[in-house]
Amino acid sequence: MTMNLPLSGARLWDSLMEIARIGATAKGGCNRQTLTDLDAEGRALFRRWGEEVGLSLAVDRVGNMVFTRPGRDPARKPVAIGSHLDTQPTGGKFDGVLGVLAGLELMRALHEAGAETEAPLVLINWTNEEGARFAPPMMGSGAAMGILAEAEVLARRDADGRAFGEELRRIGWQGTADPAALQNLGAYFELHIEQGRVLEDEGLDLGVVTHALAQSWYEVIVTGEDAHGGSRMAGRRDAMMAAAPLIAAVEEIALAAVSATGETGRGTVGVVDVQPASRNVAPGRVWFSIDTRHGDPGCLAAMGAAIKARAAGIAARRGVDIEVLDFWHAPMTPFDPALAAHLRTAAAARGYRFRDMPTAIGHDAVYVARRVPSVMLFCPCHGGLSHNEAESISPEWATAGMLVLADAVLAAANS
Ligand SMILES: [Zn+2]
């Protein structure tokens, strides 16, 4: 327990508000996109805060900032805390930032108390978690964990054609450390806002994240034949009228995919392209994306099979061709049960109300978990609003998350 450490929710909140001024938007949010001048300013402030409490900083070749605090036993693998300081273009003040600064608060309290831990502690700001300026997201953790190739990350370009590596050097944050060294961490903790409304709706203070949902993305191409809007209905091969029931089926299939634990699937059609896109032409071609997610890999596979079966039935009935192409898959990622137990013990000891839950959203922890025992902790956010300037949390929620994170990290580092 850290009851005797001078952990301060007020100091955490002041720091959240201070860094939010860098890239502050008119509507109260934050625009501090990765590898911009504002990102550099945010990084410099974080470096100053870390150095003020005696942490030593290493920056790796993809710009991940890694602070280390030595432990009593240098042979032990470090226990790490991390998240990200970059934001969406119309982002909020807490997505990512809370997890980094909550870790900083633990470092400040340990420094003030002159306290030591058995294992070394590490505090990480991952580069480009958001993927808004440079796709894909979670590049810093992906490169560190060997999931994304470092050279490919450095070569990615933004919409203006500027390369990730050039921008990293321009803002002065390309270091020399090997990002893959982070695969040797002993444990990784990430506190994050929920970006959903389960915790708030259930009146809970915290969520212990046990796993990340498996995801399968598809591309669907419906091919029929263009027909004049004035032509008879009989005999048309209208790609849109075939796509529409298949799109509706995505929702139906997701809701029907109930696992043994009572979880349903998630199904989203986010992009639709219609050709030739003329008001008076029954379209001959429709392309759309499908994003499916489930905590149970078997249920996710069944959802994919159901979508493909539905497509075949519609195609036969309407005389069109429907291809459902596998586009991308991410496996279900379990988090570490022992680290989750540390979080539950800490939350219960502090008297907070909490539950276990999955994350349906990608986070650095999901990549880190493939190489290092990892876990996440969620705190509520108002209305589930995130990637939005109006994103907000209460100081009490931030404090609860920080205290439980700190207790669990110390339990892991001292056990
Ligand atoms: Zn985030």
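Helix 3 and helix 12 sit oblique to each other. Keep in mind that this is a predicted model.

**Exercise 1.** Work out why helix 3 and helix 12 count as oblique, and describe their contact.

*Solution.* 
- Start with the geometry: the axes of helix 3 (residues 97–113) and helix 12 (residues 395–414) come within 9 Å and cross at roughly 60°.
- Now bring in the cut-offs: under 35 degrees is roughly parallel, 65 to 115 is roughly perpendicular, over 145 is roughly antiparallel, and the rest is oblique. The pair is therefore oblique.
- Next, the hand: this crossing is right-handed.
- Then look at who touches whom. Helix 3 brings L98, A102, G103, E105, L106 and L110, and these meet A398, M402, L405, A406, V409 and L410 of helix 12.
- Sort that contact by class and you get ten nonpolar residues, one polar and one charged.

**Exercise 2.** Find the protein donors of the zinc ion, then decide whether H84 is buried or exposed and do likewise for H192.

*Solution.* 
- List the donor atoms: NE2 of H84, OD of D95 and NE2 of H192, at 2.0 to 2.2 Å from the zinc ion.
- Read their spacing along the chain, and it comes out as H-x10-D-x96-H.
- Check accessibility, where buried means under 20% relative accessible area. H84 has 0%, so it counts as buried. H192, at 1%, is buried too.

Conventions. Residues numbered from 1 in each chain as written. Predicted model: local features only at pLDDT ≥ 70, side-chain atom pairs only at ≥ 80, totals over all residues. Heavy atoms only, no water. Axes fitted to C-alpha atoms, helices over the stretch in contact; angles between N-to-C directions. Helix = DSSP H or I, 4+ residues; strand = E, 2+ residues; numbered from the N terminus. Left-handed = near helix turned anticlockwise from the far one by under 90°. Contact = heavy atoms within 4.5 Å. Nonpolar A, V, L, I, M, F, W, Y, C, P; charged D, E, K, R; others polar. Donors = N, O, S within 2.8 Å, 3.2 Å for Na, K, Ca; no water. Buried < 20%, exposed > 50% of the residue type's maximum accessible area, 1.4 Å probe, protein only.
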